[in-house]
Amino acid sequence: MSSKKYVFAPGATIGMLGGGQLGRMFAIAARQCGYGVQIFGDPQDSPAGQVSDRAWPSSFTDHDALRQFAKHVDVVTYEQENIPVATVETLLQHVPVFPGPELLKASQHRLLEKNSLRKIGIPTADFLKVNSAEELKQGVTAFGGDAILKTVTLGYDGKGQARVCGESDCEAVWKSFNVSEAILEKVVDFSCELSIVASRFADGSCSFFAPVLNHHENHILDVSISPSPLISDRQTQDAQQIARAILEHFDVIGVLCVEFFATPSGTLLVNEIAPRPHNSGHLTINACRSSQFEQQLRAVCGLATGDVSVQTPAVMLNLLGNHLQNQSPEAWQRVFAHPEIHVHLYGKSEIRPGRKLGHLTVTGDDVAVIERLGRQVRRELMGAM
Ligand code: AMP
């Protein structure tokens, strides 16, 4: 369905594919503005289901259920990229879906994603397609004996990845992947990792949040900082320019996040694109007038952009299962005693190490001070003073 003519005013119902924490924070933003939200693909007790009007727990491959769902919503968006493209195509026969399937397709497949970026002149890490142990071995040699093998699909937070060096047993690594095709990337000697969350609207205009500096632990995002003194004005401009080129190339209406490696000379290389709000943008809820979720709402409903300028520096610290295993009322009491700390929990009852259960956003004038405070408070929550 062509979509540019639509404006969905408060009172309309938005369909959200996926019921995780990104769907939850979107639903909270949408309901605050008077929209209904129905989620598809997860049950009512999922993080997003808990705060939505209705949950459709059917599979993304149940096209009859999708057609029924389409009758109950005015416009559809999504909170994760592993939704089959056929799901979006079926929905599109009945209801607008933003962003459309082009970027979704690319972001599901690392080779397609990197080839698309290469085609529009956006720099990435050097990469090769690999179809056998022999090609893996040749690729590792070509990349100077240090490379990362990644599955082309379903990889996130470091899953489906292996570091391969000259001494590695390429036969064994290739066998353990159990795939016919993978991507091999040269290891980037980066000075830092950063990301930018950007939005594009029905009239073609774009908005950009300030770039965010990201620290990962075990390949999972741990801490995000914005604004960061480590990100130069030049890098901010480059990040915006790259995000705009991607938004325009894929004709996106909605929100996306571009993750970058910054090389020691300051150049940005794109690591990944997410066709949705992103963990590194969670701090926008407390740091900006319009959050990344409100921007998603505004974009998919055909509304004007919000104000994405930084109102206060902020640091976001993820709360994973391992951070909350020993949580106690006393520790929470201490967290809530800090007015500059904003608590976000996703309503997940099962605590597993590595599972994203919530985050803390600390706001204040000095990012070094608020980062220290956030880390200290998180240690206290873990039971380690
Ligand atoms: P990904 O799942 O591709 O986002 O990778 C997760 C994390 O692994 C990244 O945030 C980096 O810290 C690291 N990583 C991935 N690819 C590379 C690379 N080509 N060079 C260096 N580090 C990488």
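**Before you start**

This is a predicted model, in which local features need pLDDT of at least 70 and side-chain atom pairs count only at pLDDT 80 or more, while totals for chains, interfaces and linings use all residues. Numbering starts from 1 along each chain as its sequence is written, and side-chain values use heavy atoms, with hydrogens and water left out.

Helices (H or I, at least four residues) and strands (E, at least two) are DSSP runs, numbered from the N terminus.

**Stop 1: H1 and H10**

Select residues 21-32 for helix H1 and residues 292-300 for helix H10; their axes come within 8 Å and cross at roughly 70 degrees. Axes here are lines fitted to C-alpha atoms, for helices over the stretch in contact, and angles run from 0 to 180 degrees between N-to-C directions. H1 and H10 are therefore roughly perpendicular to each other; angles of 65 to 115 degrees count that way, those under 35 as roughly parallel, those over 145 as roughly antiparallel, and the rest as oblique.

Now show side chains. On the H1 side, the contact is made by Leu22, Met25, Phe26, Ala29 and Ala30, and on the H10 side by Phe293, Glu294, Gln296 and Leu297. Contact means heavy atoms within 4.5 Å. The residues of this contact divide into 7 nonpolar, 1 polar and 1 charged. In that count, Ala, Val, Leu, Ile, Met, Phe, Trp, Tyr, Cys and Pro are nonpolar, Asp, Glu, Lys and Arg are charged, and the others, Gly among them, are polar.

Stay with H10 for a moment. How many of the 9 residues of H10 are buried? The count is 8, so H10 is largely enclosed by the rest of the structure. Buried means under 20% relative accessible area, exposed over 50%, and partly exposed in between (1.4 Å probe, protein chains only). To colour the buried residues of H10, pick Gln292, Phe293, Glu294, Gln295, Gln296, Leu297, Ala299 and Val300. Just after H10, click on glycine 302, which takes a positive phi of about 75 degrees.

**Stop 2: H2 and H3**

Next, select residues 63-72 (helix H2) and residues 85-92 (helix H3), whose axes come within 9 Å and cross at roughly 45 degrees. That angle makes H2 oblique to H3. Where they meet, His63, Leu66, Arg67, Phe69 and Ala70 in H2 face Ala86, Thr87, Thr90 and Leu91 in H3. This contact divides into 5 nonpolar, 3 polar and 1 charged.

**Stop 3: H5**

Move to residues 110-119, helix H5, and colour its buried residues: Arg110, Leu111, Glu113, Lys114, Ser116 and Leu117. Just after H5, glycine 121 has a positive phi of about 75 degrees.

**Stop 4: H6, H7 and the cysteines**

Select residues 133-142 (helix H6) with residues 170-177 (helix H7); the axes come within 9 Å and cross at roughly 120 degrees. H6 is therefore oblique to H7. Their contact is made by Ala133, Leu136 and Lys137 of H6 and by Cys170, Glu171, Val173 and Trp174 of H7. Its residues divide into 5 nonpolar, no polar and 2 charged.

Zoom in on cysteine 170, which is buried, with a relative accessible area of 9%. Its closest cysteine sulfur is in cysteine 165, 8.6 Å away and too far for a bond. Then jump to cysteine 206, also buried, with a relative accessible area of 18%; its closest cysteine sulfur, in cysteine 257, is 15 Å away, too far for a bond. Taking a disulfide as a pair of cysteine sulfur atoms within 2.5 Å, the count comes to 0 disulfides.

**Stop 5: phenylalanine 260**

Select residues 254-262, strand S13, and find phenylalanine 260 there. Is phenylalanine 260 buried or exposed? It is buried, with a relative accessible area of 1%. Among the residues that phenylalanine 260 touches are Cys192, Ile196, Ile242 and Leu268, not counting residues up to four places away in sequence.

**Last stop: glutamate 371**

Finish in helix H13, residues 367-381, by selecting glutamate 371. Glutamate 371 is buried, with a relative accessible area of 19%. Leaving aside residues up to four places away in sequence, glutamate 371 touches His215, Val223, Ile225 and Val315.
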